[in-house]
Amino acid sequence: MSSLIRHITIDSADPYALAAFWAKALDGSLGDDDHPGDPEAAVTSTAGSLLFVKVDDRKTVKNRVHLDLQPQDRTRDEEVERLLSLGAVIQGDHRRADGSGWVTLHDPEGNEFCVERSAAERSKG
């Protein structure tokens with residue numbers, strides 16, 4: 001049997017705070033044993049598991065790996081607005097006049113991630 005990805009690990013200055021953002025973003029939950037100040041915090045969601053670990057070095061360059069989110073019950077633009085209200089910031093807007101494209105955001109610690117069109121939007125062309 002091959003290996004499975006148990007979770008994706010993300011370096012963080014404040015694991016609990018960043019995990020709380022991602023728990024809201026992914027409609028997931030923090031581990032019962034995760035508390036402010038912990039050196040790590042986990043988020044579990046239907047999308048998978050993310051583990052945030054305390055690293056004192058600040059982020060200085062572009063991520064080598066990033067998450068691409070696809071909204072399930074709203075449009076891309078509605079999801080972007082929701083994520084902005086949670087504390088994300090737009091890094092690059094790649095939406096096109098024909099409705100295609102994506103938006104690149106930064107989470108509260110500056111990690112890049114993208115929001116693509118929903119499956120319903122993709123099926124319309």
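1. Basis of the model. The model is predicted, so local features are given only where pLDDT is at least 70 and side-chain atom pairs count only at pLDDT 80 or more, while totals for chains, interfaces and linings use all residues. Residues are numbered from 1 along each chain as its sequence is written, and side-chain values use heavy atoms, with hydrogens and water left out.

2. The sheet as a whole. Four strands form an open sheet in the order β1-β4-β3-β2, with mixed pairing; strands (E, at least two residues) and helices (H or I, at least four) are DSSP runs numbered from the N terminus, and two strands pair if DSSP finds at least two bridges between them. β1 and β2 (29–30) stand at the edges, and because each has a single partner strand, one side of each is left without a neighbour in the sheet.

3. Pairing within the sheet. Strand β1 (residues 8–12) runs parallel to β4 and is joined to β4 by five bridges, with Asp11 having Val53 of β4 as its bridge partner. Strand β3 (residues 40–45) pairs with β4 in the antiparallel sense over six bridges, Thr44 being the bridge partner of Ser49 in β4, and a hairpin of two residues joins β3 to β4. β2 and β3 run antiparallel and are joined by two bridges, where Leu30 has Val43 of β3 as its bridge partner.

4. Cover of β4. Strand β4 (residues 48–54) is mostly covered, since five of its seven residues are buried, where buried means under 20% relative accessible area, exposed over 50% and partly exposed in between, with a 1.4 Å probe and protein chains only.

5. The nonpolar core. The largest nonpolar core has 21 residues, and those with the most contacts inside it are Trp22, Leu50, Phe52, Leu69, Leu83, Leu105 and Phe113; such a core is a set of buried Ala, Val, Leu, Ile, Met, Phe, Trp, Tyr and Cys residues joined through side-chain atoms within 4.5 Å. Elements that give two or more residues to this core include β3, β4, β5 (67–69) and α2 (76–86), and α1 gives the most, with six residues. Leaving aside neighbours within four places in sequence, Leu69 is in contact (heavy atoms within 4.5 Å) with residues including Trp22, Leu83 and Phe113.

6. A loop residue. Ser118 is found in the loop between β8 (112–115) and α3 (119–123), and Ser118 is buried, with a relative accessible area of 5%. Not counting residues up to four places away in sequence, Ser118 touches Gln70, Pro71 and Arg74.
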